[in-house]
Amino acid sequence: MNLSLEYKIQEPKVILDKNPLLLLLHGYGSNEADLFSFATELPDNYYVISARAPFDLQYGAYAWYAINFDADQNKFSDNEQAKTSRDIIAGFIDELIENYPIDANNVTLIGFSQGSILSYATALSYPEKIQRVVAMSGYFNEEIIKEGFENNNFKNLKIFASHGTVDQVIPIEWARKTPAVLEKLNIPVTYKEYPVGHGVAPQNFFDFKNWLAG
């Protein structure tokens, strides 16, 4: 099966007519094996699919978009590449629904870091495709969301956002702005902080699994 992204898949243990989907999106410089390592801990009724980002950084490392530095060591994101990835993810969801018995009305994105930033961008650009987002250690970047997204219908979208208070990669201040932005769009958001760096605390994992079950 030749889909637009490479991926790893764990089929549901509980087979329904159509099963819900958890689509895992890894961080910058990682690959699809990273988040897939906790697939066995996720609920039995889901297809768990971990996608590999499209931009190759060599040696098994991939990115959803490039992060560049200028002469003064200022970091900036390649927003055009991010938009390309956003649209590839949206198309990939359609491909998965065509090829597997996935419930198109029960799709959850679980993103870490850059994958979390892309989860926001994809869900807010295409809210008809995505019902829930778990956004860990990321932030909301309006510049990579489809123009006019404010007018989209978000009535079926819910978000769980989390961040480490001592994150040395993406400042906690960036994450703290997210709930207000989402509330303004009337998107229900659960926001939690954990006393960790740029990673997923066990409590974070436990909390988002409970949120998914709710």
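Some ground rules: the model is predicted, so local features need pLDDT of at least 70 and side-chain atom pairs count only at pLDDT 80 or more, while totals for chains, interfaces and linings use all residues. Residues are numbered from 1 along each chain as its sequence is written, and side-chain values use heavy atoms, with hydrogens and water left out.

Start with the sheet. Strands here are DSSP runs of E with at least two residues, helices are runs of H or I with at least four residues, and both are numbered from the N terminus. Two strands count as paired if DSSP finds at least two bridges between them. In general, strands of a sheet pair through backbone hydrogen bonds, either parallel or antiparallel.

Now look at β9 (residues 132-136) and β10 (residues 158-164): they run parallel and are joined by five bridges. R132 has K158 as its bridge partner in β10.

On to the charged side chains. Searching the whole structure turns up six salt bridges, each being a side-chain nitrogen of Lys or Arg within 4 Å of a carboxyl oxygen of Asp or Glu. One of them joins K13 and D44, at 3.8 Å from N to O. That pair links distant parts of the chain, 31 residues apart: K13 is in the loop between β1 (7-10) and β2 (19-25), and D44 is in the loop between α1 (32-36) and β3 (47-51). K13 is exposed at 55% relative accessibility, whereas D44 is partly exposed at 39%. Those labels mean buried under 20% relative accessible area, exposed over 50%, and partly exposed in between (1.4 Å probe, protein chains only).

Another salt bridge connects E80 and K83, at 3.2 Å. These two are about one helical turn apart because they lie three residues apart in helix α2 (residues 79-99). Finally, R86 and D87 form a salt bridge with their closest N and O atoms 2.9 Å apart. Here R86 is buried, at 5%, while D87 is partly exposed, at 31%.
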